[in-house]
Amino acid sequence: MRRLCVKAVLLGSYPVLLLAALWPHPLLFAAVAALSYLAEHLAARVARPFVDLLSRVHLGVTVRFVIREMAAVILVAKTTGPGSPWLTALAVGLFAMHGVRAVQTSLAIRLRQTVATMPVTTRHLDVTALNLPKTPPEFLTNYRGVRFLYLDVLPVLGAALGGLAAAAGAALGLLLGCAGVLLLIPYVRRAAPLTDAPRILAVVDKQVRDYHPEVILYFSGANEAAYQARMWLATLERIDRRAIVVLRERGLADRLGQTTLPVLCIPSSADLMGFHALGSARLCLYVANVGKNIHMLRIPGMRSVFVGHGDSDKEASFNPFSRVYDEVWVAGPAGRDRYRRARVGVRDENVHEVGRPQLEGISAEGPGLPYRTVLYAPTWEGWTDDLHHTSLTTMGPRIVRALLDHEPELRVVYKPHPLTGHRDKAAARAHAEIVAMLDAAALARSKARHPSGGAARAPVKHLVVTKPDLYACFNQADLMITDISSVVADFLASGKPYAVTNVSGMAEKAFHERYPTTGAGVLLGQDLAALAGFLDGEDALACARRKLRAYLLGPDEPDALTRFNAAVERAFWDS
């Protein structure tokens with residue numbers, strides 16, 4: 001409803017402004033113009049697709065602002081006469097304001113491109129020798145000058161007060177625009193040395209040599225997939241070797257999260273392969289099978305190890321690409337058996353069981369609330385239909401509705417995969433439907449009152465978790481419903497009951513054979529017939545979960561971090 005109102009006000013305001021200008025009604029003009037500016041501001045936040053559509057039909061943001069300005073000029077012409085000097089001053093002032101905004105926008109774009117095209121960016125390395133310029137205030141560069149467009153509120157609203165006020169508003173807006181340009185020029189000048197790529201690479205190269213990295217965590221991928229590298233950061237901070245993170249896409253560092261490890265982002269393959277400071281590393285860990293891995297794999301003298309981003313029954317956990325690495329590290333015996341069964345060319349002696357150090361903080365206890373909490377953590381739709389394991393599009397809303405309607409009340413924690421909707425818009429729509437259901441349930445409970453008319457009942461606080469910490473969700477849950485993914489194996493560390501969706505409708509026996517991680521869980525078909533038993537029946541699978549945990553994650557002793565660190569040492573000296 002809010003989006004609809006914003007759209008209606010944004011479009012409906014223009015004909016009303018024109019009418020209020022042609023048949024002068026200054027008060028109406030001022031009120032509608034103010035609403036139009038408010039709708040413009042809100043539309044960029046709550047109706048972004050609509051704003052993008054307007055741009056595609058040649059009603060972009062600049063055109064919309066010009067239309068308001070034209071209406072203001074007409075109003076002044078009608079109220080002061082076409083020969084008024086104030087009308088001339090207003091027209092010239094508006095023209096000049098757009099010229100100044102064009103200069104400001106060009107400077108902002110130049111500054112952004114200068115920073116964005118640096119050959120390497122870093123975190124936790126001393127690059128003070130580069131004399132990196134301070135970032136200018138956001139209002140000077142953000143929105144590519146859109147904020148400077150809003151300076152025309154001064155002459156437009158001023159037009160409702162008369163020609164003098166409109167001309168004065170234009171003069172003040174022009175003055176503020178010029179001030180913005182003058183403030184931005186020093187930042188652009190100080191950023192000029194950042195175009196000297198050889199100097200930047202030399203400075204960073206020296207700092208990396210001084211750090212002398214021994215282990216590299218390498219990652220390339222979409223910003224939304226940064227969680228794949230993030231899950232390894234805490235582990236690499238605790239091993240006995242100096243580790244460094246190497247990223248390939250700009251913007252990934254911002255999504256990586258907090259870490260004490262040095263971070264490099266080197267977008268160019270030529271720069272990466274010529275970055276000799278990484279030569280001190282003898283071990284490189286890869287968390288995803290992507291094309292840009294070849295650039296690091298071509299660097300000689302470095303042992304390559306695929307560690308992945310979670311063991312699962314998905315095809316990604318026994319991808320034929322894995323045979324390009326010197327070694328493949330899996331959590332437990334199940335990972336080794338997957339490669340044996342798949343026969344994708346990975347030699348058994350190159351597969352090593354190292355545990356899952358990330359699971360150290362997962363608790364076997366529930367959150368201890370007066371009601372049970374169910375975690376629904378579906379996977380994403382995959383890159384192709386062959387990898388389509390998500391329950392979101394066919395079962396997700398029905399699962400959540402059943403949980404919300406359950407008696408006694410349950411708390412729902414919904415944790416979608418970070419890539420949900422990345423390929424299939426139906427998954428994005430199902431995700432939005434689930435979020436709306438949980439929001440509606442929260443609103444209904446907030447209005448619920450005690451039968452006696454007293455205080456409100458203690459509400460069951462459902463959660464939609466979009467932040468990356470899946471393991472914190474495990475500790476918030478008593479039960480879990482999920483799809484075929486590494487979430488199953490990781491959740492087994494808690495020992496709590498879980499259910500897995502059978503999206504394909506495969507026969508139960510064949511399903512468990514095909515996906516061994518589901519062997520100690522309840523199988524949910526499309527009809528959700530097994531859901532009631534999972535929620536209310538006896539837990540008869542506790543013993544099976546303990547056995548499956550050891551098969552998937554390896555032994556409890558020695559602990560996973562000790563085993564992983566030992567694997568690093570062995571591979572380091574074998575390289």
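A: Helices here are DSSP runs of H or I with at least four residues, strands are DSSP runs of E with at least two, and both are numbered from the N terminus. Counted in this way, the protein chain has 23 helices and 14 strands. This is a predicted model, in which local features need pLDDT of at least 70 and side-chain atom pairs count only at pLDDT 80 or more, while totals for chains, interfaces and linings use all residues. Residues are numbered from 1 along each chain as its sequence is written, and side-chain values use heavy atoms, with hydrogens and water left out.

Along the principal axes, the C-alpha atoms of the protein chain fill a box of roughly 90 × 75 × 40 Å.

In β2, Val215, Leu217 and Phe219 point one way. Ile216 and Tyr218 point the other way, and the residues of both groups are buried.

Next come the partners of this strand. Strands of a sheet pair through backbone hydrogen bonds, either parallel or antiparallel. Two strands are taken to pair if DSSP finds at least two bridges between them. One partner of β2 is strand β3, residues 243–247, which pairs with β2 in the parallel sense over five bridges. There, valine 215 stands opposite alanine 243. Another partner is strand β5, residues 283–286, also parallel to β2, with four bridges. Valine 215 stands opposite leucine 283 in β5.

β2, helix α11 (residues 227–237) and β3 make a right-handed β-α-β unit. Right-handed means that, with the strands pointing away from the viewer, the path from the first strand over the helix to the second runs clockwise.

These strands belong to an open sheet of eight, in the order β1-β4-β3-β2-β5-β6-β7-β8, and its pairing is mixed. β1 and β8 (351–353) are the edge strands, each pairing on one side only. Neighbouring strands of the sheet are turned by 25 degrees against each other on average, direction ignored (axes are lines fitted to C-alpha atoms, for helices over the stretch in contact, and angles run from 0 to 180 degrees between N-to-C directions). Beyond β3 in the order comes β4. β3 and β4 run parallel and are joined by three bridges, and valine 245 stands opposite valine 263 in β4.

A pocket is an open set of points on a 1 Å grid over the protein atoms alone, with protein on both sides within 12 Å along at least five of seven lines, whereas a cavity is a set of points where a 1.4 Å probe fits but cannot get out; lining residues have an atom within 4 Å of a point. Grid points are joined across faces, edges and corners, and a volume is the space filled by probe spheres set on the points. The second largest pocket holds about 660 Å³ of space. Elements giving two or more residues to its lining are α5 (85–116), β1 (121–123), α12 (252–256) and β4 (263–265). With five residues, α5 gives the most to this lining. Of the 27 lining residues, Val115, Ala116, Met118, Thr121 and Thr135 lie nearest the centre of the pocket. The lining divides into 17 nonpolar, five polar and five charged residues (Ala, Val, Leu, Ile, Met, Phe, Trp, Tyr, Cys and Pro count as nonpolar, Asp, Glu, Lys and Arg as charged, and the others, Gly among them, as polar).

There are two cavities of 30 Å³ or more. The largest cavity holds about 100 Å³ of space, and α5 gives the most to its lining, with four residues. About 40 Å³ lies in the second largest cavity, which is lined by residues including Trp232, Val307 and Trp329.

The chain has another open sheet, of six strands in the order β11-β10-β9-β12-β13-β14, with parallel pairing. Its edge strands are β11 (463–464) and β14 (522–524). Three bridges join β13 (residues 498–501) to β14, and alanine 499 stands opposite valine 522 there.

Definitions and conventions
Buried means under 20% relative accessible area, exposed over 50%, partly exposed in between (1.4 Å probe, protein chains only).
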